[in-house]
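Please study the sequence and the structure before reading each solution.

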Amino acid sequence: NDNNLVWHVAKTGPGGREHAVLAASYDNKVLYAFLYNGSSWTTKNLGTVYTTDYRCFNAAYEHASGDLVIVASTATSNQIKYWVWNGSSWVVDGATYTFTTINRYISWTRMASQPGTNQIALIVSATQYYDVAGLIWDGNVNSWGSEKKLGSATSNDPESIGVEYMQTGTYAGQALFVWGQSTTLYSWTWSGTAWEGAYKSKASFSGNIRWISLAADPSSDDMLVALWNEANDLQTVNWTGSAWGTTRSPETTSL
């Protein structure tokens, strides 16, 4: 559909047959959604996004309904646009939500689906002040709520944010929002209905945190964060369901 497509995002519906791919034209800043229903592809032009220097868009499927939710940053400061595809039609087609806790353009977005429900967690980071905010999607009424400014990141150049839901165990259904600021990893937990009273942190990484990847254990409420920092070190730290564990450096030399 366009040249120089970048920042591909691929998602599979909970039923296993529907697939969605997002990609943006680097030059024109046009975002496309490519939908596969098991036998054929359809394409939707979602319009222009704020930037293609960063991945300012993402998507997630609601686990209960199977609806697809797409989010993208717009050319309006602190605003996102969103779409909902129910498998046959766009039940929400480009509505907007304006953040009240941050006031800069959104550079990065991450999304995660709560197991067995229509709830989705969204974390974003913004330009200039590098603000990080969390937002919760309620797919039962197709609306956003429970916005919270979580903190600030090291920079807006890298993707130093992440969010995942704890899958099973004592804290199943709770979402862990994480971000890196300087040499400290921060987290804030969403219980599924409310924000935890305070953030938690893990300090003393070997360099300023720049890139984060967060993975949830499917058989417990544990998680693992892998991060890359400005010392060119790859480090990890585990989440036990309610607290941070041990920092490790699986690479003995800098990358």
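**Exercise 1.** Which residue in β10 is the bridge partner of Thr109?

*Solution.* The model is predicted, so local features need pLDDT of at least 70 and side-chain atom pairs count only at pLDDT 80 or more, while totals for chains, interfaces and linings use all residues. Residues are numbered from 1 along each chain as its sequence is written, and side-chain values use heavy atoms, without hydrogens and water.

Step 1. Strands are DSSP runs of E with at least two residues, numbered from the N terminus.
Step 2. Val124 in β10 is the bridge partner of Thr109.
Step 3. β9 pairs with β10 (residues 119-126) in the antiparallel sense over 7 bridges; pairing requires that DSSP finds at least two bridges between two strands.

**Exercise 2.** State the strand order of the open sheet and explain why one side of β9 and of β12 is without a neighbour in the sheet.

*Solution.* Step 1. The 4 strands follow the order β9-β10-β11-β12, with antiparallel pairing.
Step 1. β9 (106-113) and β12 (143-152) are at the edges and have a single partner strand each, so one side of each lacks a neighbour in the sheet.

**Exercise 3.** Describe the lining of the largest pocket by class and by element.

Step 2. The classes are 9 nonpolar (Ala, Val, Leu, Ile, Met, Phe, Trp, Tyr, Cys and Pro), 4 charged (Asp, Glu, Lys and Arg) and 6 polar (the others, Gly among them).
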